Amino acid sequence: MKILVLNAGSSSLKASLYDQEHQQKRLCQGSLDYGWANGLVRLQVQNPAGDSQSLEFSSRSRLEDLQQLLDTLSQLAGWTSLVAVELAGHRVVHGGRRVAAALVDADLKAEIRSLSQFAPLHNSINLAGIEAIEQLLGVPQVAVFDTAFHSQIPDFAHVYPGSYEWLALGIRRYGFHGISHQYCVGRAAEILATDLKKLRLISCHLGNGCSLAAIKNGVSVDTTMGFTPLDGLMMGTRSGAIDPGILLYLLKEHHYTPDQLDDLLNRQSGLLGISGVAADLRQLEDAIAEGNPRAKLAVEIFVHRVRQGIGAMAASLGGIDGVIFTGGIGENSARVRAAVCEGLKFFGIDLDLELNQRSPIDPHIDLNIARHGSPVGILVIHTQEDLEIARQSYEVYSAKW
(Lines give C-alpha, C1' and ligand atoms only; values in the text may rest on other atoms or scores of the structure.)
Protein backbone atom coordinates (compact mmCIF):
# COMPACT_ATOMS: atom_id res chain seq x y z
CA MET A 1 0.00 0.00 0.00
CA LYS A 2 1.21 3.49 -0.91
CA ILE A 3 0.64 5.98 1.93
CA LEU A 4 0.83 9.77 1.88
CA VAL A 5 1.54 11.47 5.22
CA LEU A 6 0.67 15.16 5.51
CA ASN A 7 1.68 17.45 8.36
CA ALA A 8 0.11 20.87 7.75
CA GLY A 9 1.40 23.84 9.73
CA SER A 10 0.78 27.58 9.73
CA SER A 11 3.91 28.50 7.78
CA SER A 12 4.92 25.15 6.31
CA LEU A 13 3.48 21.93 4.95
CA LYS A 14 5.38 18.65 5.07
CA ALA A 15 4.57 15.53 3.07
CA SER A 16 6.07 12.04 2.86
CA LEU A 17 5.36 8.99 0.70
CA TYR A 18 5.61 5.51 2.21
CA ASP A 19 5.46 2.01 0.79
CA GLN A 20 3.87 -0.31 3.33
CA GLU A 21 4.86 -3.45 1.38
CA HIS A 22 8.55 -2.67 1.93
CA GLN A 23 8.56 -2.49 5.75
CA GLN A 24 6.99 0.95 5.65
CA LYS A 25 9.88 2.37 3.66
CA ARG A 26 9.85 6.12 3.15
CA LEU A 27 10.26 6.72 -0.56
CA CYS A 28 10.69 10.48 -0.39
CA GLN A 29 9.72 13.58 1.55
CA GLY A 30 9.11 17.21 0.80
CA SER A 31 7.89 20.49 2.17
CA LEU A 32 6.45 23.87 1.31
CA ASP A 33 7.89 26.77 3.30
CA TYR A 34 5.78 29.95 3.29
CA GLY A 35 8.25 31.89 5.43
CA TRP A 36 10.64 32.31 2.51
CA ALA A 37 11.99 35.70 1.43
CA ASN A 38 10.11 38.22 -0.73
CA GLY A 39 6.76 36.47 -0.35
CA LEU A 40 7.90 33.38 -2.23
CA VAL A 41 7.14 29.80 -1.28
CA ARG A 42 10.03 27.35 -1.19
CA LEU A 43 9.43 23.77 -2.36
CA GLN A 44 12.02 21.24 -1.24
CA VAL A 45 12.08 17.47 -1.81
CA GLN A 46 14.48 14.72 -0.75
CA ASN A 47 14.93 11.03 -1.56
CA PRO A 48 16.02 8.36 0.98
CA ALA A 49 19.67 8.80 -0.02
CA GLY A 50 19.51 12.40 1.16
CA ASP A 51 19.70 13.93 -2.32
CA SER A 52 17.57 17.05 -2.36
CA GLN A 53 16.33 19.65 -4.75
CA SER A 54 14.49 22.91 -4.18
CA LEU A 55 12.92 25.82 -5.97
CA GLU A 56 11.18 29.06 -5.05
CA PHE A 57 8.05 30.35 -6.74
CA SER A 58 5.16 32.74 -6.22
CA SER A 59 2.30 31.03 -4.45
CA ARG A 60 -0.88 30.64 -6.49
CA SER A 61 -3.05 29.05 -3.77
CA ARG A 62 -2.36 26.54 -0.99
CA LEU A 63 -4.24 23.90 -2.98
CA GLU A 64 -2.26 24.45 -6.18
CA ASP A 65 1.00 24.62 -4.24
CA LEU A 66 0.20 21.29 -2.58
CA GLN A 67 -0.64 19.78 -5.96
CA GLN A 68 2.79 20.83 -7.24
CA LEU A 69 4.52 19.33 -4.20
CA LEU A 70 2.68 16.02 -4.51
CA ASP A 71 3.33 15.83 -8.26
CA THR A 72 7.04 16.39 -7.61
CA LEU A 73 7.09 13.70 -4.90
CA SER A 74 5.29 11.14 -7.04
CA GLN A 75 7.84 11.65 -9.81
CA LEU A 76 10.68 11.30 -7.31
CA ALA A 77 9.12 8.06 -6.03
CA GLY A 78 9.01 6.73 -9.58
CA TRP A 79 5.21 6.67 -9.77
CA THR A 80 3.44 7.58 -12.98
CA SER A 81 0.95 9.74 -11.07
CA LEU A 82 -0.61 10.42 -7.67
CA VAL A 83 -3.24 7.78 -8.46
CA ALA A 84 -0.79 5.36 -6.82
CA VAL A 85 -1.60 6.87 -3.40
CA GLU A 86 -4.12 4.62 -1.63
CA LEU A 87 -4.27 6.14 1.86
CA ALA A 88 -3.51 9.50 3.48
CA GLY A 89 -2.57 10.03 7.12
CA HIS A 90 -2.66 13.41 8.88
CA ARG A 91 -1.30 14.84 12.07
CA VAL A 92 -4.14 16.52 14.00
CA VAL A 93 -3.04 18.33 17.14
CA HIS A 94 -6.19 18.29 19.31
CA GLY A 95 -8.37 15.19 19.34
CA GLY A 96 -10.30 15.92 22.52
CA ARG A 97 -11.07 12.69 24.37
CA ARG A 98 -10.26 10.39 21.47
CA VAL A 99 -7.91 7.61 22.52
CA ALA A 100 -6.69 6.49 19.10
CA ALA A 101 -6.34 7.45 15.44
CA ALA A 102 -9.55 7.33 13.37
CA LEU A 103 -10.82 7.27 9.81
CA VAL A 104 -11.91 10.69 8.58
CA ASP A 105 -15.61 11.23 7.89
CA ALA A 106 -17.97 14.20 8.08
CA ASP A 107 -18.52 13.79 11.83
CA LEU A 108 -14.81 13.64 12.58
CA LYS A 109 -14.16 16.75 10.48
CA ALA A 110 -16.84 18.60 12.43
CA GLU A 111 -15.21 17.44 15.67
CA ILE A 112 -11.77 18.63 14.56
CA ARG A 113 -13.29 21.98 13.58
CA SER A 114 -15.00 22.37 16.97
CA LEU A 115 -11.72 21.68 18.78
CA SER A 116 -9.97 24.47 16.85
CA GLN A 117 -10.86 26.93 19.61
CA PHE A 118 -8.55 24.98 21.93
CA ALA A 119 -5.65 24.70 19.45
CA PRO A 120 -6.04 27.88 17.37
CA LEU A 121 -2.59 27.64 15.80
CA HIS A 122 -3.10 24.07 14.64
CA ASN A 123 -6.45 22.32 14.21
CA SER A 124 -7.96 24.54 11.53
CA ILE A 125 -4.80 24.16 9.45
CA ASN A 126 -4.77 20.37 9.98
CA LEU A 127 -8.38 20.28 8.79
CA ALA A 128 -7.51 22.36 5.72
CA GLY A 129 -4.93 19.72 4.82
CA ILE A 130 -7.55 16.97 5.09
CA GLU A 131 -9.98 18.88 2.87
CA ALA A 132 -7.24 19.58 0.32
CA ILE A 133 -6.49 15.86 -0.03
CA GLU A 134 -10.22 15.21 -0.41
CA GLN A 135 -10.21 17.49 -3.43
CA LEU A 136 -6.93 16.32 -4.93
CA LEU A 137 -6.99 12.56 -4.32
CA GLY A 138 -10.28 11.37 -2.82
CA VAL A 139 -8.63 8.45 -0.99
CA PRO A 140 -9.44 7.16 2.54
CA GLN A 141 -7.87 9.37 5.19
CA VAL A 142 -6.85 8.80 8.80
CA ALA A 143 -6.44 11.46 11.50
CA VAL A 144 -3.67 10.70 14.01
CA PHE A 145 -4.05 12.82 17.15
CA ASP A 146 -1.28 14.35 19.25
CA THR A 147 -3.51 14.06 22.30
CA ALA A 148 -4.33 10.34 22.00
CA PHE A 149 -1.04 9.08 23.47
CA HIS A 150 -1.82 10.94 26.70
CA SER A 151 -5.36 9.59 27.04
CA GLN A 152 -4.40 7.21 29.87
CA ILE A 153 -3.02 9.91 32.17
CA PRO A 154 -4.66 9.20 35.56
CA ASP A 155 -7.48 11.37 36.88
CA PHE A 156 -5.36 13.01 39.59
CA ALA A 157 -2.95 14.23 36.90
CA HIS A 158 -5.45 15.37 34.27
CA VAL A 159 -8.16 16.99 36.42
CA TYR A 160 -7.51 20.68 37.12
CA PRO A 161 -7.92 21.93 40.70
CA GLY A 162 -10.65 24.41 39.73
CA SER A 163 -14.35 23.65 39.68
CA TYR A 164 -15.25 19.98 39.30
CA GLU A 165 -17.90 21.17 36.84
CA TRP A 166 -15.10 21.96 34.41
CA LEU A 167 -14.91 18.29 33.50
CA ALA A 168 -18.42 18.41 32.03
CA LEU A 169 -17.19 21.25 29.80
CA GLY A 170 -14.26 19.15 28.57
CA ILE A 171 -11.72 21.19 30.54
CA ARG A 172 -8.91 18.84 31.57
CA ARG A 173 -5.25 18.15 30.80
CA TYR A 174 -5.00 16.60 27.33
CA GLY A 175 -1.29 16.86 26.51
CA PHE A 176 0.21 17.23 23.05
CA HIS A 177 3.21 16.14 20.92
CA GLY A 178 1.94 12.63 21.57
CA ILE A 179 2.93 11.34 18.12
CA SER A 180 6.53 12.45 18.67
CA HIS A 181 6.67 11.17 22.25
CA GLN A 182 5.22 7.80 21.20
CA TYR A 183 7.75 7.31 18.42
CA CYS A 184 10.70 8.40 20.58
CA VAL A 185 9.98 6.18 23.57
CA GLY A 186 9.72 3.16 21.29
CA ARG A 187 13.06 4.08 19.73
CA ALA A 188 14.57 4.67 23.19
CA ALA A 189 13.65 1.14 24.26
CA GLU A 190 15.49 -0.18 21.20
CA ILE A 191 18.62 1.86 21.97
CA LEU A 192 18.59 0.82 25.64
CA ALA A 193 17.86 -2.80 24.63
CA THR A 194 15.12 -2.98 27.26
CA ASP A 195 11.43 -3.81 27.09
CA LEU A 196 9.51 -0.51 26.93
CA LYS A 197 7.10 -1.89 29.54
CA LYS A 198 9.97 -1.96 32.05
CA LEU A 199 11.21 1.59 31.51
CA ARG A 200 10.59 4.98 33.14
CA LEU A 201 11.32 7.62 30.51
CA ILE A 202 11.11 11.39 30.27
CA SER A 203 10.66 12.55 26.69
CA CYS A 204 11.69 16.18 26.07
CA HIS A 205 10.25 17.47 22.79
CA LEU A 206 11.97 20.84 22.43
CA GLY A 207 11.36 22.97 19.36
CA ASN A 208 9.19 25.97 18.54
CA GLY A 209 6.61 24.08 20.59
CA CYS A 210 7.87 22.28 23.69
CA SER A 211 6.57 19.63 26.07
CA LEU A 212 7.80 16.94 28.42
CA ALA A 213 6.09 13.59 28.93
CA ALA A 214 6.56 11.02 31.68
CA ILE A 215 6.19 7.49 30.29
CA LYS A 216 5.99 4.52 32.63
CA ASN A 217 5.76 0.98 31.24
CA GLY A 218 4.98 2.41 27.81
CA VAL A 219 2.10 4.61 29.02
CA SER A 220 2.06 8.39 29.36
CA VAL A 221 1.30 9.19 33.00
CA ASP A 222 2.03 12.93 33.04
CA THR A 223 2.90 15.76 30.66
CA THR A 224 3.53 19.49 30.77
CA MET A 225 1.06 20.67 28.12
CA GLY A 226 -2.52 20.78 29.30
CA PHE A 227 -5.95 21.84 28.09
CA THR A 228 -4.28 23.62 25.17
CA PRO A 229 -0.78 23.60 23.61
CA LEU A 230 -0.15 26.89 25.45
CA ASP A 231 0.52 25.27 28.84
CA GLY A 232 3.77 24.03 30.33
CA LEU A 233 7.25 24.96 29.14
CA MET A 234 8.39 28.25 27.68
CA MET A 235 8.35 27.97 23.87
CA GLY A 236 9.32 29.91 20.75
CA THR A 237 6.42 32.38 20.87
CA ARG A 238 4.20 30.81 23.57
CA SER A 239 4.50 31.72 27.24
CA GLY A 240 3.88 28.30 28.74
CA ALA A 241 2.50 28.15 32.28
CA ILE A 242 2.09 31.50 34.03
CA ASP A 243 0.20 32.76 37.06
CA PRO A 244 -3.47 33.09 35.93
CA GLY A 245 -3.66 36.16 38.14
CA ILE A 246 -1.54 37.96 35.54
CA LEU A 247 -4.35 37.53 33.03
CA LEU A 248 -6.95 38.84 35.49
CA TYR A 249 -4.71 41.84 36.15
CA LEU A 250 -4.29 42.59 32.43
CA LEU A 251 -8.04 42.22 31.86
CA LYS A 252 -9.08 44.41 34.77
CA GLU A 253 -6.37 47.04 34.99
CA HIS A 254 -5.12 47.31 31.41
CA HIS A 255 -8.36 46.45 29.59
CA TYR A 256 -6.92 43.69 27.41
CA THR A 257 -9.43 41.93 25.19
CA PRO A 258 -9.51 38.12 24.84
CA ASP A 259 -8.09 38.45 21.33
CA GLN A 260 -5.22 40.59 22.60
CA LEU A 261 -4.43 38.06 25.31
CA ASP A 262 -4.56 35.26 22.75
CA ASP A 263 -2.07 37.07 20.52
CA LEU A 264 0.17 37.98 23.46
CA LEU A 265 0.35 34.48 24.94
CA ASN A 266 0.49 32.46 21.70
CA ARG A 267 2.50 34.70 19.38
CA GLN A 268 4.36 37.41 21.31
CA SER A 269 5.72 35.59 24.36
CA GLY A 270 8.28 32.86 25.05
CA LEU A 271 11.79 33.18 23.59
CA LEU A 272 10.62 35.94 21.25
CA GLY A 273 8.83 37.91 23.96
CA ILE A 274 11.74 37.88 26.41
CA SER A 275 14.58 38.34 23.93
CA GLY A 276 12.92 40.80 21.58
CA VAL A 277 15.11 39.19 18.93
CA ALA A 278 13.64 35.95 17.64
CA ALA A 279 11.86 32.72 18.50
CA ASP A 280 14.62 30.68 16.82
CA LEU A 281 17.30 29.46 19.22
CA ARG A 282 20.00 29.69 16.53
CA GLN A 283 19.40 33.42 16.18
CA LEU A 284 19.40 33.83 19.95
CA GLU A 285 22.75 32.06 20.25
CA ASP A 286 24.16 34.50 17.68
CA ALA A 287 22.73 37.40 19.69
CA ILE A 288 24.24 36.01 22.91
CA ALA A 289 27.63 35.82 21.22
CA GLU A 290 27.22 39.52 20.41
CA GLY A 291 26.52 40.29 24.08
CA ASN A 292 22.72 40.70 24.00
CA PRO A 293 21.56 40.38 27.66
CA ARG A 294 17.88 39.78 26.83
CA ALA A 295 18.73 36.90 24.50
CA LYS A 296 20.88 35.40 27.28
CA LEU A 297 18.04 35.78 29.79
CA ALA A 298 15.54 34.16 27.41
CA VAL A 299 17.70 31.04 27.02
CA GLU A 300 18.37 30.90 30.76
CA ILE A 301 14.63 30.98 31.51
CA PHE A 302 14.04 28.30 28.86
CA VAL A 303 16.67 25.98 30.39
CA HIS A 304 15.39 26.60 33.92
CA ARG A 305 11.86 25.67 32.91
CA VAL A 306 12.95 22.47 31.17
CA ARG A 307 15.11 21.41 34.14
CA GLN A 308 12.24 22.20 36.51
CA GLY A 309 9.88 20.14 34.35
CA ILE A 310 12.22 17.15 34.36
CA GLY A 311 12.14 17.22 38.16
CA ALA A 312 8.34 17.20 38.11
CA MET A 313 8.19 14.33 35.60
CA ALA A 314 10.74 12.34 37.64
CA ALA A 315 8.50 12.71 40.68
CA SER A 316 5.53 11.39 38.69
CA LEU A 317 7.59 8.38 37.58
CA GLY A 318 9.25 7.63 40.92
CA GLY A 319 12.66 7.47 39.21
CA ILE A 320 14.23 7.66 35.75
CA ASP A 321 15.79 5.13 33.41
CA GLY A 322 16.21 7.47 30.46
CA VAL A 323 15.83 11.08 29.31
CA ILE A 324 15.12 11.75 25.63
CA PHE A 325 15.98 14.95 23.78
CA THR A 326 14.14 15.43 20.49
CA GLY A 327 12.68 18.20 18.31
CA GLY A 328 14.61 20.99 16.60
CA ILE A 329 16.26 22.27 19.79
CA GLY A 330 16.52 18.92 21.57
CA GLU A 331 18.24 17.26 18.62
CA ASN A 332 20.53 20.10 17.56
CA SER A 333 21.50 22.26 20.52
CA ALA A 334 24.38 20.75 22.51
CA ARG A 335 24.41 23.95 24.58
CA VAL A 336 20.81 23.51 25.76
CA ARG A 337 21.24 19.79 26.48
CA ALA A 338 24.34 20.45 28.58
CA ALA A 339 22.67 23.30 30.46
CA VAL A 340 19.54 21.24 31.16
CA CYS A 341 21.53 18.24 32.43
CA GLU A 342 23.79 20.37 34.61
CA GLY A 343 22.89 19.92 38.27
CA LEU A 344 20.76 16.80 37.69
CA LYS A 345 23.40 14.21 38.62
CA PHE A 346 21.45 13.44 41.78
CA PHE A 347 18.83 11.92 39.45
CA GLY A 348 21.55 9.79 37.83
CA ILE A 349 21.66 12.08 34.78
CA ASP A 350 25.38 12.17 33.93
CA LEU A 351 26.16 13.70 30.54
CA ASP A 352 29.26 12.82 28.50
CA LEU A 353 30.26 16.31 27.37
CA GLU A 354 32.35 15.06 24.45
CA LEU A 355 29.57 12.85 23.09
CA ASN A 356 27.12 15.72 23.58
CA GLN A 357 29.24 18.05 21.46
CA ARG A 358 29.53 15.47 18.69
CA SER A 359 25.78 14.84 18.51
CA PRO A 360 24.08 14.83 16.13
CA ILE A 361 26.80 13.10 14.14
CA ASP A 362 24.17 12.46 11.52
CA PRO A 363 20.44 13.36 11.63
CA HIS A 364 19.60 9.71 10.98
CA ILE A 365 21.73 8.35 13.85
CA ASP A 366 20.21 8.27 17.33
CA LEU A 367 22.70 8.29 20.18
CA ASN A 368 23.06 7.68 23.93
CA ILE A 369 25.20 10.59 25.19
CA ALA A 370 25.26 9.56 28.86
CA ARG A 371 28.65 8.98 30.48
CA HIS A 372 29.71 5.32 30.44
CA GLY A 373 28.23 3.58 33.47
CA SER A 374 25.57 6.23 34.03
CA PRO A 375 22.40 4.69 35.54
CA VAL A 376 20.24 6.92 33.32
CA GLY A 377 20.43 6.97 29.54
CA ILE A 378 20.51 10.39 27.85
CA LEU A 379 19.22 9.86 24.35
CA VAL A 380 19.27 12.19 21.35
CA ILE A 381 16.58 10.86 19.03
CA HIS A 382 15.56 12.21 15.65
CA THR A 383 11.80 12.27 15.93
CA GLN A 384 9.97 10.74 12.99
CA GLU A 385 6.35 11.76 13.45
CA ASP A 386 5.59 11.00 9.81
CA LEU A 387 6.69 7.37 10.23
CA GLU A 388 4.50 7.03 13.33
CA ILE A 389 1.56 8.58 11.45
CA ALA A 390 2.05 6.15 8.55
CA ARG A 391 2.16 3.20 10.95
CA GLN A 392 -0.99 4.20 12.84
CA SER A 393 -2.84 5.10 9.64
CA TYR A 394 -2.13 1.68 8.15
CA GLU A 395 -3.31 -0.04 11.35
CA VAL A 396 -6.60 1.88 11.33
CA TYR A 397 -7.14 1.22 7.61
CA SER A 398 -6.32 -2.51 7.96
CA ALA A 399 -8.75 -2.90 10.85
CA LYS A 400 -11.53 -1.45 8.67
CA TRP A 401 -10.69 -3.22 5.42
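**Notebook: sheet and helix packing**

I note at the outset that the model is predicted.

Entry 1: I looked up the pairing of strand β9, residues 200–206, with strand β10, residues 210–216. The two run antiparallel and are joined over seven bridges.

**Entry 2: the whole sheet.** I then asked in what order the strands of the open sheet lie. The order is β11-β10-β9-β12-β14-β13, six strands with mixed pairing. Which strands stand at the edges? I found β11 (219–223) and β13 (367–368) there; each has a single partner strand, so one side of each is left without a neighbour in the sheet. I recall that strands of a sheet pair through backbone hydrogen bonds, either parallel or antiparallel.

**Entry 3: helices on the sheet.** I looked for helices that meet these strands. Helix α5, residues 178–192, lies across β9, β10, β12 (322–326), β13 and β14 (377–380). Its direction runs at about 130 degrees to β9. Helix α12, residues 334–341, also packs on the sheet and touches β9, β12 and β14. I noted that the direction of α12 makes about 150 degrees with that of β12.

**Entry 4: α2 and α3.** I turned to helix α2 (residues 106–114) and helix α3 (residues 123–136), whose axes come within 8 Å and cross at roughly 155 degrees. Angles over 145 degrees count as roughly antiparallel, and α2 and α3 are therefore roughly antiparallel to each other. The crossing of α2 past α3 is left-handed. Which residues make the contact? From α2 I listed K109, I112 and R113, and from α3 N123, L127, I130, E131 and E134. Sorted by class, this contact of α2 with α3 holds four charged, three nonpolar and one polar residue.

**Entry 5: α6 and α7.** I next examined helix α6 (residues 244–253) against helix α7 (residues 258–267); they pack at an angle of about 140 degrees, with axes 11 Å apart. That angle makes α6 oblique to α7. I recorded the crossing of α6 past α7 as right-handed. The contact is formed by L247, L250 and L251 on α6 together with L261, L264 and L265 on α7. How do the residues of this contact of α6 with α7 divide by class? I found six nonpolar, no polar and no charged residues.

Entry 6: The α2 contact with α3 includes four charged residues, while the α6 contact with α7 has no charged residues.

Conventions:
Residues numbered from 1 in each chain as written. Predicted model: local features only at pLDDT ≥ 70, side-chain atom pairs only at ≥ 80, totals over all residues. Heavy atoms only, no water. Axes fitted to C-alpha atoms, helices over the stretch in contact; angles between N-to-C directions. Helix = DSSP H or I, 4+ residues; strand = E, 2+ residues; numbered from the N terminus. Parallel < 35°, antiparallel > 145°, perpendicular 65-115°, else oblique. Left-handed = near helix turned anticlockwise from the far one by under 90°. Contact = heavy atoms within 4.5 Å. Nonpolar A, V, L, I, M, F, W, Y, C, P; charged D, E, K, R; others polar. Pairing = 2+ DSSP bridges.
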